[in-house]
Amino acid sequence: MKARMIVDKSFRIAQVDNRIYGSFIEHLGRAVYGGIYEPGHETADAGGFRNDVKELIKELDVPIIRYPGGNFVSGYNWEDGVGPVAERPKRLELAWRTLEPNDVGTNEFISWAKEVGSDVMMAVNLGTRGIDAARNLLEYTNHPGGTYWSDLRRRHGYEQPHKIKTWCLGNEMDGPWQIGHKTSEEYGRLALETAKAMRLVDPTIELVSCGSSSTGMPTFPEWEAVTLDHTYEAVDYISLHQYYGNRNNDTANYLALTLDMDHFIHTVKSTCDYIKAKKRSKKTMYLSFDEWNVWYHSNDADRQIDPWSIAPPQLEDVYNFEDAILVGSMLITFLRHADRVKMACLAQLVNVIAPIMTENGGRSWKQTIFYPYLHASKFGRGVSLLPIVDSPKYDSKDFTDVPYLDSAVVHNEEDEEITIFAVNRHLEEALELECDVRSFEGYRLLEHIVLEHEDLKAVNTASEEKVKPHHQGGAKLDNGMVNARLAKASWNVIRLKKA
């Protein structure tokens, strides 16, 4: 099989916003307790946060992390998580039916995020709370001083404001499972009024309005249209959430699911642009894909967990090799929509449907999905280019004309580098790729990284890393033409640099 691409520096989609490589930490399962935070662990710092986990997160270079939820935030009183730890209340956490000790809260998390080099995307509770709690939290975190809430922060030991820029107005408020579930009209009105109050406190912030929690919601995309009719001029982004799974063990169909993701993005963009036209607005609404991943492996195990324990092992999907390929394709999809998708959060970062796993009191390790996320974050910064692709195709159970080659290209103008991200979806045959890069004169081949494995179901564990990349891909560059053999069912990163 053969595929061809033409890459030209003039075919620009947009500058990639580095925040598409964001992630997510929710007070759920062992994401916080036993994940990023474990006092007494041999690597724990003075604040109780695991340094081994910090190092893995730093390796990923995560630009922004969403916090504290998720479903959790819709029942969360932020005041429970500030002040002396010994005086903080333990609460029944209703979203995931656990006990929340509140040992980690707003200040601790923000300080930790700074240590790992990440900004914070803070979510406010629009489920059980509303305008007042949101504006007070913003005053607590961002106002310099001289007011009740800002001075309370200073008494808690944080003299300088945290200056959190990005705020989510609730979470998945269209979902009947959500505490304080709203209709689209109810949410639209509340989100608008909350946005107005928050911007009065700090006009420099940017705001994310809740979109549909998935494409499967019966109100999608009417929810987007109705809520944006209220919030369009008051917010900067609308959120998208999507998880995929291979429950029927149909890998060919599974690897085609990014066509569904592509359709999801196109539909939300179109809905945003309809409201823009309806309002005669000059403003473009951007997208925050602030929950995305593979999630299905742990569903049965989660049903067996007894309620009201602290940090049980919830949503601990063990990812296999084919999951890593799909995650790579999802990242490629974001790059192809860099003109509108400006933020994205892999959900989540540690233990809970995560690229990083830990043992309580023990080791940490990299799941299979760690690697495409790492490569995209490291090498996918710059200008997203629009490659012209000619690829053989296949049909699957739910999709027709699925290209075997899934690809995106990023031009880092500052470092004079080009990165070609390429997935071969074919499960049995290699794909011979010819890529025309003649518009980039004087470039040389840096490396061809490959993630491949004979067993699609291979997993990584604390004791054995079966799935990891190698650098023997064998791509060649000659007279402006890149020729590479993409192994069957593989993730590829081909890097070029000006000589």
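Biologist: Which residues is Met121 in contact with, leaving aside its neighbours within four places in sequence?

Modeller: In this predicted model, residues are numbered from 1 along each chain as its sequence is written; local features need pLDDT of at least 70, side-chain atom pairs count only at pLDDT 80 or more, and totals for chains, interfaces and linings use all residues. Side-chain values use heavy atoms, with hydrogens and water left out. With contact meaning heavy atoms within 4.5 Å, and neighbours within four places in sequence set aside, Met121 is in contact with Ile64, Ile65, Arg66, Tyr67, Thr166, Cys168, Ser288, Asp290, Met343 and Cys345.

Biologist: Is Met121 buried or exposed?

Modeller: Met121 sits in strand S7, residues 119-124 (strands are DSSP runs of E, at least two residues; helices are runs of H or I, at least four; both are numbered from the N terminus). Buried means under 20% relative accessible area, exposed over 50% and partly exposed in between, with a 1.4 Å probe and protein chains only. Because its relative accessibility is 0%, Met121 counts as buried.

Biologist: What distance separates the C-alpha atoms of Met121 and Phe24?

Modeller: Along the chain, Met121 and Phe24 are 97 residues apart.

Biologist: Which side chain does a polar contact of 2.4 Å join to that of Arg19?

Modeller: Arg19 lies in the loop between strand S2 (12-15) and strand S3 (22-24), and counts as buried because its relative accessibility is 14%. A polar contact is a pair of N or O atoms within 3.5 Å; within protein, one must be able to donate a hydrogen and the other to accept it, and residues adjacent in sequence count only if both atoms are side-chain atoms. The partner of Arg19, at 2.4 Å, is Glu206.

Biologist: Which residues are closest to the centre of the largest pocket?

Modeller: On a 1 Å grid over the protein atoms alone, a pocket is an open set of points where a 1.4 Å probe fits, with protein on both sides within 12 Å along at least five of seven lines; lining residues have an atom within 4 Å of a point. Of the 22 residues lining the largest pocket, those closest to its centre are Asn71, Trp96, Glu172, Trp177 and Trp295.

Biologist: Which strand gives the most to the lining of the largest pocket?

Modeller: The top contributor gives three residues to this lining. That strand covers residues 237-244 and is S10.
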